[in-house]
Every structure is written in C-alpha cells, then in structure tokens.
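Notebook open, model loaded. I'm jotting down what I look up as I go.

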Amino acid sequence: MSQRKRSKGLGCSQLLDGEDDSIPTQVERRSQEQLNQKVSELVQFLLVKDQKKIPIKRADILKNIIREYRDAYSEIIRRADRTLQEVFGLQLVEIDAKRHIYILINNLPCAEGEQLCRDKEKEKMGLLLVILSFIFMKGNSVKDSALWEFLHLLRVYPGKQHSVFGDVRKLVAEEFVRQKYLETTAIPLTDPPEFKYQWGPRAEKETSKKDVLNFVAKMQGKDPKFWASQYSEANKATT
Amino acid sequence: MAAQMTDAHRRFLQALMSNGITEGSEAKKLHQHCCETDKVYYAHDKLDDFISTINSHLQPLFMQIRKGISEDDGRAHYAVVNLAETEVTKMASDYTESELELFRKTMDLIILSENGFASSTDILNLADQLKTKKMKKKEAEQVLKVFVEDKWLSEKNGEYTLHTRCIIEMEQYILSNYQDVARKCNICHSLAIQSQGCESCGIGMHLPCVRKYFRGQTEPRCPECNEFWSCDTPGVSRMGSQT
C-alpha cells in the first residue's frame with residue numbers, strides 16, 4: 001500500500017508535477033547508503049556543470065539527481081555542500097534566492113602566479129578583470145557604449161574577430177552575462193534602447209572591490225588610496 | 001587511518017581537475033607549490049602519500065586520482081577519473097549528441113585497428129553515416145580538432161589515436177565494452193591502444209614497455225612464445241653493436 005505524502009517546507013508543491021502516485025516519500029525510509037549515493041551524484045553533477053561556469057538551477061538538480069528523494073532535498077544539498085568544501089575547497093552558493101540558482105565558488109585563498117585555469121580561460125579572465133575594474137572605477141555601472149569605447153583602447157572591437165577572444169561582443173554580452181560575471185540591464189526611456197553593465201553575482205562572490213582596486217593600482221603604479229571614493233567603498237564592502 | 005585534507009590537498013585537486021591531465025614532473029611541482037602556498041609540511045618524495053590522502057576522501061564519491069603511463073614516451077600522467085561512469089559521460093556535457101557519436105565511432109576504429117590509429121579519411125567517411133545527425137566533412141574536421149585540443153584524441157601525421165588522458169579516464173569503460181578486442185600489454189597488463197604484436201602468438205606490448213623489456217638484448221624474443229620479435233624495437237640495437 002503506497003501513499004503520496006506532500007513534502008513540507010520546501011515549496012515543493014509546485015514541483016510535484018504529475019508524479020507517479022506509487023512512489024513513497026517518507027524520509028525515514030531513506031537509508032544512509034541511499035542518501036550517500038545521492039550526495040555523490042549531486043557532487044559530481046555540480047562539478048561538471050560548474051566546470052563550464054553555467055549557473056545551476058534547482059529545477060535541474062531535482063529533475064536529474066534528486067528525483068524521488070525530494071523529501072530529502074535539503075539534507076542532500078547540505079551534505080553535498082559540506083563535501084564540496086571539505087574535499088574540493090569549493091562552496092555551493094545561491095546567487096538567486098527567488099529563482100533558486102546556484103554557483104560553486106572557490107574557497108581557497110588565491111595564490112600568486114597560480115594557473116588554475118586552462119590557457120584559453122586565463123586570457124578570458126584577464127579581459128573580464130579589466131572590464132570589472134572599469135565598471136567599478138566608473139561608479140559600478142557603465143553604459144554599453146562607454147564600455148566598448150574603453151575596449152577600443154585595448155584594440156578590442158565589437159564588430160571584429162579578435163585573434164584570442166574571437167567574437168568579443170558575444171563573449172562580453174552573452175558568455176560573461178550567462179556565467180553571471182556581468183549583468184546587463186536596459187536603461188529606461190532610451191530610444192534606441194541602451195544597456196548598462198554592472199558586476200554580476202558571480203563576480204561579487206569570486207572577487208572583491210578591494211582586489212580589483214589593488215589590481216588597478218598595480219597597473220597604474222599608484223597607491224590604491226589615490227582613488228579616495230573607490231578606496232573607501234572597497235574597504236567598506238565585506239565579503 | 002587516513003590523513004586529513006588540507007587546503008594544499010584541495011588546491012592540488014582543483015588544479016588536477018582543471019588541467020584534465022597532468023604530467024608527472026608537473027604534478028611534483030604542483031605538489032610543492034600547493035604545500036608552500038598553504039603552509040603545509042612538504043616532503044618532496046611523498047607525492048604518492050599526498051595523493052593517497054586525497055583519494056581516500058574521493059573514494060566515497062566514486063572518484064580517484066589515477067596514474068597512467070603515456071603510450072608514447074612512457075612518462076607518468078595523472079588524471080581525476082570517475083569510477084562510477086558507465087559511459088563516456090564525462091564528455092556528455094561538453095559535446096552534442098552527434099559529436100559524441102562521432103567520438104564513439106572513432107574510438108571503435110582506433111581500438112579495432114592493428115596499430116591503434118585511425119586515419120583522418122576513415123573517420124571523416126563516418127561523418128555522413130551518423131545516426132543522430134549527419135555531419136559534413138568540414139564540420140567533422142573541426143570536431144576532431146576540438147577533441148585533440150581537449151585531449152581526448154591525439155593526432156600524428158593525419159592519424160588519430162586516444163590521448164593518454166582518454167585512456168586513463170576510460171580504461172575501465174574500454175576494457176568492459178571492448179572485452180574481446182581491446183588488447184592488454186603483456187608486460188604491464190594495462191590497456192594497450194598503440195601496441196606492437198608478436199606475429200606468432202599474437203600478444204601485444206606497449207612501445208615504452210617493449211623498449212624497457214628488450215633493452216640491451218641483441219636478439220629480442222617474445223616473452224610468451226620465445227619466437228624472434230619481428231617488429232622494430234625502438235631504441236634497441238640489433239646485430240650486436242651497443243648504442
């Protein structure tokens with residue numbers, strides 16, 4: 001005799017879409033072994049997804065990994081996060097509490113001259129850092145046109161194929177935005193519509209205003225205090 | 001009792017995972033770098049113990065840092081492998097269905113071949129026979145290039161074989177799915193994709209294993225049937241004179 005019990009407290013009611021009525025959902029029935037299995041699967045799923053820096057949706061986690069263990073969802077997530085931290089030095093962070101989207105961030109302090117990224121990635125990250133710096137130094141928000149004008153100075157043009165970055169417009173406007181490094185919003189009442197760029201939630205978590213300011217200072221051979229307002233903002237911001 | 005994971009272990013693991021495959025001497029340097037960065041006690045000859053510690057924590061996740069030997073130069077390489085994988089699932093998230101099908105068919109050609117290589121022509125001919133979605137030759141050429149860049153295949157003179165990384169990661173999969181066809185090296189007993197074979201009894205050996213086994217022998221003989229070893233033994237001189 002099987003019953004269908006409604007899961008409590010996880011807002012799962014809207015997620016139980018036409019589930020087979022015969023699947024039991026009692027938490028007590030889950031053995032440690034079964035839970036451990038799910039935790040392992042989730043850890044691997046997260047590692048694979050995050051490898052490409054694509055944010056992970058809770059819906060995907062539930063559909064692909066959790067499945068009929070929905071009642072144990074928060075337990076499985078909690079254990080997966082703990083495993084990620086203990087074994088890999090990574091942390092599962094929710095960057096969108098409304099839409100339930102996660103990313104993995106690196107818990108380990110960054111080392112000098114570290115080459116954690118493959119070569120292709122390292123150059124993209126270099127470009128990204130420059131863009132993030134520009135946005136921060138300009139008051140945390142820049143117009144689309146201003147960003148491209150700035151990149152012109154680095155010989156990076158939106159219309160032209162770049163020898164290293166390829167289609168730069170796609171990289172900046174699509175890839176970096178999809179990976180949540182940058183956020184782009186339409187500026188209201190503009191015609192033709194203009195956009196502005198700001199730091200995305202992944203950038204907020206993976207780096208800091210302080211690190212970025214230090215980077216700019218290093219590049220320009222000046223003390224970070226030279227930029228008084230950015231310096232005070234950077235030191236106010238907590239991780 | 002397994003040692004604790006430290007940040008040095010975690011840093012090492014992260015680097016190994018993002019590298020895909022790490023050569024032995026690079027791994028040693030990485031070991032040193034991680035220990036120094038995270039201020040953990042460093043012993044230069046204890047890389048294996050260091051890796052064992054990580055592996056003891058990876059085991060419940062069905063993952064492992066595995067050491068494999070390159071079939072080209074005999075050097076050790078390390079990769080993080082997924083033991084629970086039943087298929088080429090590691091690649092599944094990086095490529096489309098038709099690209100994966102092309103890879104599987106290429107792997108078939110390579111494993112079934114005499115010498116462990118598949119010619120570019122043969123592979124491209126497969127492209128328009130794919131069940132998932134036919135691929136034009138130009139597109140297939142691009143896909144092969146990506147496979148080489150991502151270290152699943154390696155290319156030599158227009159011919160393709162499996163990259164050391166692929167062999168380390170998929171050894172179990174290959175041995176179980178190609179049970180009757182896949183060769184094992186007679187010397188080291190690991191999977192052999194590129195190999196030399198005995199003409200008489202059919203056993204195969206890795207080229208680096210051949211080199212080591214026949215070193216200094218003027219008349220190389222098959223370890224199994226004792227017949228004269230007819231293949232060219234690289235780095236081994238014949239007819240008496242020492243190199």
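This is a predicted model: local features need pLDDT of at least 70, side-chain atom pairs count only at pLDDT 80 or more; totals for chains, interfaces and linings use all residues.

Where in chain B does B:Tyr160 lie? I find B:Tyr160 in strand β6, which spans residues 159-162 of chain B.

Then I listed what B:Tyr160 touches, skipping neighbours within four places in sequence. The contacts are B:Ile110, B:Gly116, B:Phe117, B:Ala118, B:Ser120, B:Ile123, B:Leu144, B:Val148, B:Leu153, B:Ser154 and B:Glu155.

On to the helices. I looked at α3 of chain A (residues 73-88) against α1 of chain B (residues 7-19). Their axes come within 7 Å and cross at roughly 95°. Roughly perpendicular covers 65 to 115 degrees, so α3(A) and α1(B) get that label.

Which residues make this contact? From α3(A) I have A:Gln85, A:Glu86, A:Val87 and A:Phe88, and from α1(B) I have B:Arg10, B:Leu13, B:Gln14 and B:Met17. Sorted by class, I get 4 nonpolar, 2 polar and 2 charged residues.

Last entry, an annotation. UniProt (unreviewed entry) has "domain: RING-type" over residues 185-226 of chain B. For that stretch I get 17% helix and 14% strand, with the end C-alpha atoms 16 Å apart.

Notes
Residues are numbered from 1 along each chain as its sequence is written. Chains are lettered from A and ligands numbered from 1 in the order in which they are written. Side-chain values use heavy atoms; hydrogens and water are left out. Axes are lines fitted to C-alpha atoms, for helices over the stretch in contact, and angles run from 0 to 180 degrees between N-to-C directions. Helices (H or I, at least four residues) and strands (E, at least two) are DSSP runs, numbered from the N terminus. Angles under 35 degrees count as roughly parallel, over 145 as roughly antiparallel, 65 to 115 as roughly perpendicular and the rest as oblique. Contact means heavy atoms within 4.5 Å. Ala, Val, Leu, Ile, Met, Phe, Trp, Tyr, Cys and Pro count as nonpolar, Asp, Glu, Lys and Arg as charged, and the others, Gly among them, as polar. UniProt positions are given in the numbering used here, feature names are shortened, and annotations may be inferred rather than shown by experiment.
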